[in-house]
Amino acid sequence: MAQDHKSNQPGKANKGEYEVTDMTMKFGFQRAKKRGAGSLMAAALFLALPLSPALAQTLTTWDDYTAPLQTEVITKLNEKFLADHPGVTIERTGRSYDDLILTLKLTLASGEGPIISKANQGAQEMGAMAKQKQLLPVDEYIAKYGWDKLQSDGLLARDRWSDKGEFGVGATYGISTLGEMVGLYYNAKVLKDAGIDNPPATLEELAQDIATLKAKGTVPFMIGTAKGNMSLHMFAAVSQATIGAADRQAYDDLVYGHGGSWNTATNVAAAKQVQDWAAGGDFLDGYQGIAEDDAVQLFVSGKGAFLISGTWHLGEMTGNPDIHFMGVPGGSGVKDSLVVGGVDLAWTITANAKDKATQDLAGEYLNYMVSDEAAAAWATAGYLPAAALKADTVKVPALLGDALAVWNTANAANSLGHYPDWASPTMYKTMTDNLAILLAGGETPEAFVAAIDQDYQAYMAAPK
Amino acid sequence: MLHTNTFGNLKYVLPALLVYTAFVLLPIMASIVLGFTEWGGIGMPKFVGFANYVALFSDPMFFKALRNTAVLMVFYVALPLCIGLALAVAISNIRPGERMALRMLYFMPYVMPSAVLGIIWRWLYNPIFGPLNQVLRAVGLGALALPWLGDFNFALPAVGMVATWYYLGFCMAIFMAGLQRIDASLFEAAALEGASGRQTFRYITLPSLLPEIRIVLLLTVIASIKSYDLVFTMTRGGPANETLVANLYMYQLGFELNRYGYASAVAVIGAIFILVVNGIVHRVLPTDGDNA
């Protein structure tokens with residue numbers, strides 16, 4: 001999802017769990033109803049006309065677009081879809097990420113719930129629902145509408161589950177609207193004030209910049225680890241930045257559950273790097289007690305030179321024109337470093353779409369949600385569309401321009417990486433718990449890597 | 001009108017009984033049954049006998065949650081009881097107007113939902129924006145300005161202190177009511193006999209308040225074993241499970257990892273603990289009737 005990295009994580013990565021949780025909005029025919037005699041006449045005329053099956057349909061949709069700006073965009077998109085589909089009604093429910101993952105599976109299991117829903121791609125959500133036939137494959141619509149030309153196969157693979165429960169292969173169960181990446185936000189003014197004219201191009205330059213910033217009394221890294229997700233993103237970004245696109249197969253295999261080991265020199269080095277940063281005082285003092293939202297707020301206000309996090313913060317970061325976005329620099333000699341990222345929760349069609357007409361209408365809805373028009377609407381609002389944007393037709397904020405450049409490069413070079421916690425249902429907790437201990441100096445990088453590998457191997461050995 | 005036979009009277013309690021059965025008894029029974037199954041929330045539960053319980057008693061995370069729950073008992077039970085008792089005795093001896101004002105002030109936190117208090121205290125403890133650390137820095141004690149809820153050593157006590165603050169007013173109110181129940185002639189006789197304040201408290205006040213102490217113990221012990229909302233809103237069990245408690249572990253297992261059978265086993269063990277501890281309290285402390 002756009003605000004989160006839609007991992008298996010229990011808590012929201014970076015948005016308030018306490019904001020809007022449930023709102024139902026009705027559009028379409030119901031919305032268009034007029035009061036008074038005119039509406040009665042219209043209704044009489046309407047009822048007298050023979051209805052086609054499509055005209056009588058209601059689409060119940062669940063999504064996680066609960067932030068005000070997101071709600072505004074999805075509302076407009078729904079209205080546009082309805083304008084093109086007279087007589088169709090949309091009953092939309094917007095739920096926070098936590099509420100959505102808590103309720104979707106259980107609701108579908110009871111035979112109730114939406115016809116269309118956003119769903120998390122991990123084993124716990126999409127994998128489990130695909131296995132129970134609660135979701136319908138959308139391959140027919142991929143072929144019909146050409147979604148495979150809008151989004152790379154690497155992105156679509158994140159919605160694939162085989163009948164045997166294998167991730168990344170088999171039928172495709174959804175498609176996403178938005179893309180996500182974890183990268184390096186930097187404040188150009190803070191860097192310049194410290195005598196640094198350009199952002200770091202390599203990890204070695206980053207180390208030099210950190211030393212310079214510390215000497216000037218500037219906080220190098222703004223970070224808050226109270227909820228664990230920022231440290232996970234930092235570790236993942238540093239780790240994957242040292243893997244070139246040409247060497248990505250082993251990492252793909254790990255995340256897609258094909259096997260392998262987390263106990264690699266790359267991961268140990270990345271763990272050591274973040275531990276050294278923490279021990280060296282390169283993080284904001286008191287970082288353990290603040291959450292990501294606080295860290296972002298401080299960064300936007302001009303505190304700190306760097307912040308490693310995702311594109312879901314682009315909107316907030318736009319508040320400070322000195323802030324820019326780039327990929328986390330890789331080690332020298334690494335070509336096309338992997339960029340942690342993926343797509344937001346996928347639009348899926350549930351088993352509640354009983355008949356072909358409803359399924360096709362749902363397919364049309366999904367097609368509209370990944371259309372150029374929808375992508376333009378999201379980009380205009382500052383969000384990163386998963387589909388390639390026709391940049392010449394859309395005016396995007398400057399910071400989104402930075403992110404789009406990284407996104408396009410990553411897609412072209414096949415260097416879009418993964419959220420490592422997708423690798424097992426418990427990996428998010430294992431990683432965040434152990435990262436807290438690692439940063440506090442309570443375990444060695446080797447022990448940290450061994451702990452996450454143990455989690456993974458236990459998952460691989462368990463019956464699927 | 002009451003009937004002579006039980007079934008005739010059943011209709012009077014039937015509406016309440018139906019609601020109680022639907023929302024209390026059936027879920028309890030469902031939890032007990034689910035504790036013997038492996039169930040991911042969808043599909044049919046698979047019967048596994050006592051496997052969940054066997055796994056539970058070799059689960060280090062479960063024992064960590066129990067240990068943290070035990071530590072929190074100090075903050076949920078012992079401290080509120082002692083401070084509440086001291087406050088009740090102290091406040092009872094001041095003028096009525098001041099007594100009422102202080103009683104209201106100390107009791108006020110108990111009126112608030114504890115989840116809301118958790119959110120407020122999370123902000124108070126915030127190491128950057130929170131007033132606690134700002135005050136510490138302002139008075140030159142910046143070295144004590146810790147990342148409270150992110151600190152491995154202080155996170156659990158920091159959560160616990162909020163529980164103490166929450167429950168002490170409640171304990172105080174119960175004890176103040178108890179003090180009003182004690183026959184004033186006992187205190188007069190003690191004064192005439194030249195008993196000191198400490199002796200009066202030791203031999204009159206404390207024994208007379210045993211029924212109230214018993215009530216307070218029962219309620220706060222249950223609250224400590226049930227503790228969830230403060231931890232959930234303040235730390236979600238972090239950092240690295242340092243504030244994980246049994247109920248939060250149950251939530252994580254059930255609603256985050258979809259291990260509903262295992263989570264139900266945790267719930268059943270928690271319920272058994274509450275029954276056992278309350279049974280001990282019942283046996284050790286006299287009932288109202290015993291004391292009378």
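User: How many helices and strands are there in chain A?

Analyst: Keep in mind that this is a predicted model. Chain A has 20 helices and 13 strands.

User: What share of the residues of chain A count as buried?

Analyst: Burial is read from relative accessible area, with under 20% as the cut-off. By that test, 58% of the 464 residues of chain A are buried. The chain still exposes about 17300 Å², and carbon and sulfur atoms supply 56% of that area.

User: What do the contacts in chain A say about sequence separation?

Analyst: Take the contacts with a separation of 6 or more. Residues 24 or more positions apart account for 78% of them.

User: Now a single residue. Is Gln134(A) buried or exposed?

Analyst: Gln134(A) has a relative accessible area of 7%, so it is buried. It sits in the loop between α5 (123-131) and β5 (135-136) of chain A.

User: Which residues is Gln134(A) in contact with, leaving aside neighbours within four places in sequence?

Analyst: In chain A, the partners are Lys105(A), Leu108(A), Ala109(A), Met129(A), Thr350(A) and Ala351(A).

User: Which nonpolar surface patch includes Leu18(B)?

Analyst: One of about 1100 Å². Its other members include Phe7(B), Leu10(B), Tyr12(B), Leu14(B), Tyr20(B) and Met29(B).

Conventions: Residues numbered from 1 in each chain as written. Chains lettered and ligands numbered in written order. Predicted model: local features only at pLDDT ≥ 70, side-chain atom pairs only at ≥ 80, totals over all residues. Heavy atoms only, no water. Helix = DSSP H or I, 4+ residues; strand = E, 2+ residues; numbered from the N terminus. Buried < 20%, exposed > 50% of the residue type's maximum accessible area, 1.4 Å probe, protein only. Contact = heavy atoms within 4.5 Å. Areas by Shrake-Rupley, 256 points an atom, 1.4 Å probe, with all protein chains shown as cover. Patch = residues over 30% accessible without salt bridge, like charges linked within 9 Å, V, L, I, M, F, W, Y side chains within 5 Å. Salt bridge = Lys/Arg side-chain N within 4 Å of Asp/Glu carboxyl O.
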